[in-house]
Amino acid sequence: METPKIFESEYRFCCILWEREPIKSSELVRLCREQLGWKPTTTYTVIKRLSERGVLKNENTVVTSLVSKDAVQAAEISEMVEKTFDGSLPAFVAAFTRHQKLSDKEVDEIQRLIDRYRKGEA
Amino acid sequence: MTDLFLKTLNMSISAGWIVLAIVALRLLLKKAPKWITVVLWGIVAVRLVCPFSIESVLSMIPSKETVSPTIMTDEIPAISSGVPAINSTINPIIEETFTPMPGVSVNPLQIWIPILAAIWIAGMVAMLIYTVVSYGQVRRKIGTAVLLRGNIFQSENVISPFVLGIVKPKIYLPFQINGQDMSHVIAHEEAHIARKDHLWKPLGFLLLALHWFNPLMWLGYVLLCRDIELACDEKVIKRLDMQEKADYSQALLTCSVNRRIIAACPLAFGEVGVKERVKTVLKYKKAALWVTVVAVVLCVFFAACTLTDPKTENPDPTDPELEKWQVILMEEYPEYFGLDASNGLDVYVFQLAENKYEFALLPHCEASPQEIDAKLIKVEEVPAYTMRSILSFYPIDKDKIYIVPWEDPIVPSYRGAYWTRKAGESEEEFAERQADYREEIRFLLLEFDAEFPGSNYCDSITVDIDGDGKKEMCLITEEGVIGNFPFYRFLAREKGEKKWKYDSGIVSKHRYKNGYIDYRSMIFVEDALGRMYIEAQCQDGDLSETRRIDIAFAEGKAQFYYKGKALLGGKPETTLMFAEPSLSWVTSDVPEVVLSNRILYKYRGVQTLGATLEITLTQEMLQPLFNGYDGQYSELAENILRNNFRAFEIYPEDPESVDLYYFLLQKDGTRLLVYGHYENGEKNGFIRWIFKTE
C-alpha cells in the first residue's frame, strides 16, 4: 500500500504519537496542548482525519500508529500545500508581506539592490 | 432607517473632505515618521464614529450637514455642501429631477432615498458577511498550527506570515522559513502587535463596511494599510544596523516570492510593492527631531481643523435650525452674509420708479462716493422683502442700521422727490423731508413685516394729514386678495409715535354702474398745490382708469373718498368675527347705520336701509358662498343655514340700487348682516361680506 501523505502539522503530531504510543487519546490531547498548542477539538479532529487516511487507528480510546516514521514521505508536503492553499488573506489582517506577482527580472533587480546595499553602496 | 442613512451620508461626506486633505498632507509629511500619518487616519475614524462634535473657528469642514434630514419633504430639495461651486452645480439638477410637481402628492425623493438606504444596508451586510466568512476560513486553516514558542505558531497552510486574534494576538508563520528570515518576520509581526495594528485594521474595515458607498473611504483604507505597513517596517529597522537592514530586505523578498508556489496573487489592496518597501528600508534615515516635532504640531492643528465643525457665528448653512428659505437666501446672496457689522450696517436704497425700490447692503463705513460705487457694483440689488430677510440675520441694534438713499451706479436712477428741493422749500424743510423719507424706508424694512404680517406694503408718505400741525407717517397696505381683487388699508401715525392714529380698515370697493369695481393699486401723490391724495388704478371689465382718491376725516376718523362718496369695504368672514380693527362707517346712503369697530349695529337702522321682508332662507340664496372663492365659505354657509332662526331681506329704497342685504337672526342669538350686490341686474345676488353685529 502506498504510504499515505501527511501535512507538516500532522507530522509533528505523529512525532508525539511515535514517541509515546500506544497512548490514550485523552493523554494525547494533553500532550498536544502542551507541545503543539492545540485545542482538544483540534486534536480529536486530527486523530479522526488521520485514522480515515489510514495513518493511525483509534480503538477504545487508545491510539496507535499504522505507519512508521521512516516511511512517511515528507517530500509530498509541498505538493499538498500548493493544492490546498488559495493564497489570499483577508484585507483586514496584519501581515508581513503578501505573496506577490513578480517577474524574474524584477526579483533580480531587487536582489541587486540588496546586495549593493550590503556592500556599502547604498 | 432613512434618518440613519442620511446621518451616515453626512458623516461620510465630512470624512471625505478630511481624506482629501490627508492625501495632500501626506505629501508634506514624506520625511516625517510614518506613524504620524497613521494617526491622521485615526482622525478620519474618529470623525466617522463620533456623530457630535464641537464648533471652532479653525474648522476646515465645509459643511456639517450637506444633506438635510428633511430633504424628502422639502418643497425645493437642495444640498448645502458648503462649497458654492458644488451647490450651484448639483442643486439645479436636483431641483429639476426631484422637485415635486404641484398637485402630485409625493416628492420623488421620498421614494428614492429609502431605496438608497436599503441598498446601503444591503452593501453593509454583504461586507460584514464577507468579513465573518473570510475570518472563519482563515481560522479553520490554522486550526492545526503548531506552537513554536510563546505566541508564535507555524502551519503548512501559511505562506505569508500574519497576525491573527483581537484579544490574544498570535503570529502565524510558514514551516519553510529559514532562521534569519524568521527572526525579522517575527520582529515585524511583533511590531504590528505592539502598534495594535491587529485592532486598527479590522476596525477600519468595519467602518469601511458602514461607508462602503463612499469611494473616498476606500481610498482612505487603502492608504491606511500602506502607511501601517511602512510604519511597521520603520519601527523594526530603527534598531537595525546596515547588515541587519539588508537581511530584513532579504526576508521581504524571500517571503514575497516563494518560487515553489505557483499560484501568486496580484498586489492586494493596501499592499506596498516589495520593490518599494525594500527601497524604503534601504533608504531609511531616522527623521530629524525638528521634523517630528513639526509634524506632530501639524497633526494637532489638523485634528483641531477637522474634528470641529464650522462655527455658527455667521449663520451656518448646515445649522439644522435654519429653514430652507434662509439657507437658499444665504446661497443666493453670499455677499450679504458674514459682514462685519461692528460699526453698523448701511442699507443703500435705490428708487427705480415712483414706488419701486431696490436695496443693497454694506458694512458701515465712511468712504467717498466713488469708493462706495465700486463696492456696490460688486453686490446684487434686492427687493425690500429680501433685504428685510437678510437684515434679520444680523443681531444688531436697529439704531445701527443706516438708511442711505443712493443713485444706482449703473442704471440711471429715478430722481424722486428725495433728491430735489421743492420750490419755496427751505434748506431745513428739505433736510427734514429727506429724513422723513429715510424713516419711511426704515419702517418698511424693519417694522412693517412684524406689524402687518401677511400684508403688502404699497406706499408711504409723511405729511400733516389732519391739519393739526404735526406730521403723520401715512401708509397704504394691501391686505390680501379675494379672487382677483386686492383690499387696501390706510393707516397713519404721528411722527415718533408707535400707535396708529388712523386706520381705515380694509377697503376696496366702489359702486360702479350696476355693480362694484375694485382697485388694483394705490399710491400717494402730491398735487400741484402740495396736497396729498391717493392715485388708484381701477380695472374691472371695460373700466380701466386712474382715479384720485382723497382721505378725509369725519368725526375724527379717516375715510377713503371718491368724488365725495365714501368707499365701502370689508372682508368676507370665515369665522364670523372681524379680526382687524375697522373704522366707523359713515355713509351718506344709510345715515342711520353705524358700522363701527366691532360692527355696532342699531336694529332700527336696518329698516332705514330699506324695507325689510321676512323670507325663508334657502341654500340658493347663499349659493355664492357655497360656490365662490373656491368653496372656502361653504362651511360658513352651511352653518348659517343650519342655525337659521329668522331671515329678512332688505330692499333698498332706491329702485336702481344693486345693493343686496340679508339680515339674519341665528338660533344662538347671533345677528348677521349679509351684504352683497346684484350682478348685471340679475336677481341672483353676489354675497360679498357678512358682518356679525352686536
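Is Gln154(B) buried or exposed, and what is its relative accessible area?

Modeller: This is a predicted model, in which local features need pLDDT of at least 70, side-chain atom pairs count only at pLDDT 80 or more, and totals for chains, interfaces and linings use all residues. Residues are numbered from 1 along each chain as its sequence is written, chains are lettered from A and ligands numbered from 1 in the order in which they are written, and side-chain values use heavy atoms, with hydrogens and water left out.

Gln154(B) is buried, at a relative accessible area of 5%. Buried means under 20% relative accessible area, exposed over 50%, and partly exposed in between, with a 1.4 Å probe and protein chains only. Gln154(B) sits in strand β3 of chain B, residues 152-154. Strands here are DSSP runs of E, at least two residues; helices are runs of H or I, at least four residues; both are numbered from the N terminus.

Now the neighbours. Leaving out residues up to four places away in sequence, Gln154(B) touches Ala145(B), Val146(B), Leu148(B), Leu173(B), Pro174(B), Phe175(B), Ile177(B) and Met182(B), and also Arg12(A) from the other chain. Contact means heavy atoms within 4.5 Å. With Pro174(B) there is a polar detail: a polar atom of the Gln154(B) side chain lies 3.1 Å from the backbone oxygen of Pro174(B). A polar contact is a pair of N or O atoms within 3.5 Å; within protein, one must be able to donate a hydrogen and the other to accept it, and residues adjacent in sequence count only if both atoms are side-chain atoms.

Chain B brings 67 residues to the contact and chain A brings 43 residues. The size of an interface is often given as the accessible area lost when the parts come together. Chain B and chain A bury about 5100 Å² between them, and 63% of that is on carbon and sulfur atoms. This buried area is the accessible area (1.4 Å probe) that the two parts lose on being put together, summed over both.

Polar links cross the interface too. There are 9 residue pairs in polar contact between chain B and chain A, both residues at pLDDT 80 or more. The rule also finds 2 salt bridges across the interface. A salt bridge is a side-chain nitrogen of Lys or Arg within 4 Å of a carboxyl oxygen of Asp or Glu. Arg118(A) and Asp247(B) form a salt bridge through their side chains, at 2.6 Å from N to O. On the side of chain B that touches chain A, helix α8 (residues 242-256) of chain B gives the largest share, 13 residues. That side divides into 38 nonpolar, 15 polar and 14 charged residues. Ala, Val, Leu, Ile, Met, Phe, Trp, Tyr, Cys and Pro count as nonpolar, Asp, Glu, Lys and Arg as charged, and the others, Gly among them, as polar.

Last, the chains themselves. Chain B has 694 residues, 50% of them buried, with 17 helices and 25 strands. Chain A has 122 residues, 44% of them buried. Its secondary structure comes to 5 helices and 3 strands, in the order α-β-α-α-β-β-α-α along the sequence.
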